[in-house]
Amino acid sequence: MEVLNAAIDDVASAVGVATPVFKILVSLLLGYPLAFVFDNVPRSQVAARHVLSGLFGAFIVYFNFGTEGLVHTLGPAVGTFVLLDVVGVRLKQWTAAVVLNFAWSLGYLLVGYAAVATDGYHIDWTLPYCVLCLRLIGLGFDYWDEAAAIESAAAAASAPTATTTTSKAGASGAAANAARTAVATASPVELFGYALCFPSVMVGPQFSLRRYRLMITKRPPTYRGRFAYAASRLLLGAVYLGANAVLSQYYNGGMINSEYYRGLGIGGATWMLWAVGKIAMSKYLGTWLVMEGAAALAGLGYRWDVDAKARAAAGADDKQKAQAAIDA
């Protein structure tokens, strides 16, 4: 690894980019070949896909931040698993579990910020953990919502109804809801893959456990356009990053504290502030676009809800055409 780091330092120096920034760019691009490998693992191999998702993400974190990065991502994830499993699943105290998980995840991040704070901006393990913090907090709320659905389904099943038919239907629906929501808690292997999901481990995006499970178990039927879509995200992201690299040399945050800025009138100062903000934002937009392409290749961003509605509408349209043909 030392040889690799030395080579990366040399390349980063030759390109004129700081080594941490260069590593992040490499990590974003690495998501594309990793997504291709991941996509070719059969959907029937669920455990293998969980492990591969987590291992790829762990490699990216280690590549950027070494052992320290792995400790500060795996540690909080283990803490969340224990809290939600013990307080939520075993003790059935989901409100307490969500509150404790929120305090644990956010508190870990705030303490981390305080521990690594410097006068200027630098890249460290708090970057991926900021993403993970939101994911772990969201996981707790997902569990909480599903626990509420279980209680609602149980109440509906036990409530007296007017007719026997209605009673049976209500009990059947409640049982179906209970069965659907009871399986929501993640196993350690699944949480490993979800927490360190490689297309999003560095800069996002955020997604629910349900969407992650769809990526693991289902292959989208309309997959032919994903390569073109991923390429478009990559190219557009490169445009944003390139524009930021060029324009930030002339318009950057340091200008706001300069004598030149103080000498501008209200119109010039407002325009300068707008330009600096837009150019600074282009850096984040570029990284998100590049990672969006990798996520699309992995199947993470597929809109199953829209696809289901489209297929249902197409099926209804086919039935109407068939019925019209019979009537004719």
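Which residues does Val46 touch, not counting residues up to four places away in sequence?

Analyst: Val46 touches Ile216 and Thr217 when residues up to four places away in sequence are not counted, where a contact means heavy atoms within 4.5 Å. This is a predicted model, in which local features need pLDDT of at least 70 and side-chain atom pairs count only at pLDDT 80 or more, while totals for chains, interfaces and linings use all residues. Residues are numbered from 1 along each chain as its sequence is written, and side-chain values use heavy atoms, with hydrogens and water left out.

Val46 and Ile216 are 170 residues apart along the chain, yet their C-alpha atoms are separated by 6.5 Å. In the chain as a whole, among contacts with a separation of 6 or more, 75% are between residues 24 or more positions apart.

Val46 lies in helix 3, where helices (H or I, at least four residues) and strands (E, at least two) are DSSP runs, numbered from the N terminus. The chain has 12 helices and zero strands. Val46 counts as partly exposed because its relative accessibility is 31%; buried means under 20% relative accessible area, exposed over 50%, and partly exposed in between, with a 1.4 Å probe and protein chains only.

Helix 3, which covers residues 46–90, also holds Val82, and Val82 is partly exposed as well, with a relative accessible area of 43%. Together with Val78, Val86 and Leu91, Val82 makes a nonpolar surface patch of about 330 Å². Such patches are made of residues with over 30% relative accessible area and no salt bridge, with nonpolar side chains (Val, Leu, Ile, Met, Phe, Trp, Tyr) joined within 5 Å and like charges within 9 Å. A salt bridge is a side-chain nitrogen of Lys or Arg within 4 Å of a carboxyl oxygen of Asp or Glu, and accessible areas come from the Shrake-Rupley method with a 1.4 Å probe, where for residues only the protein chains shown count as cover. An α-helix has 3.6 residues a turn, so residues three or four places apart point the same way.
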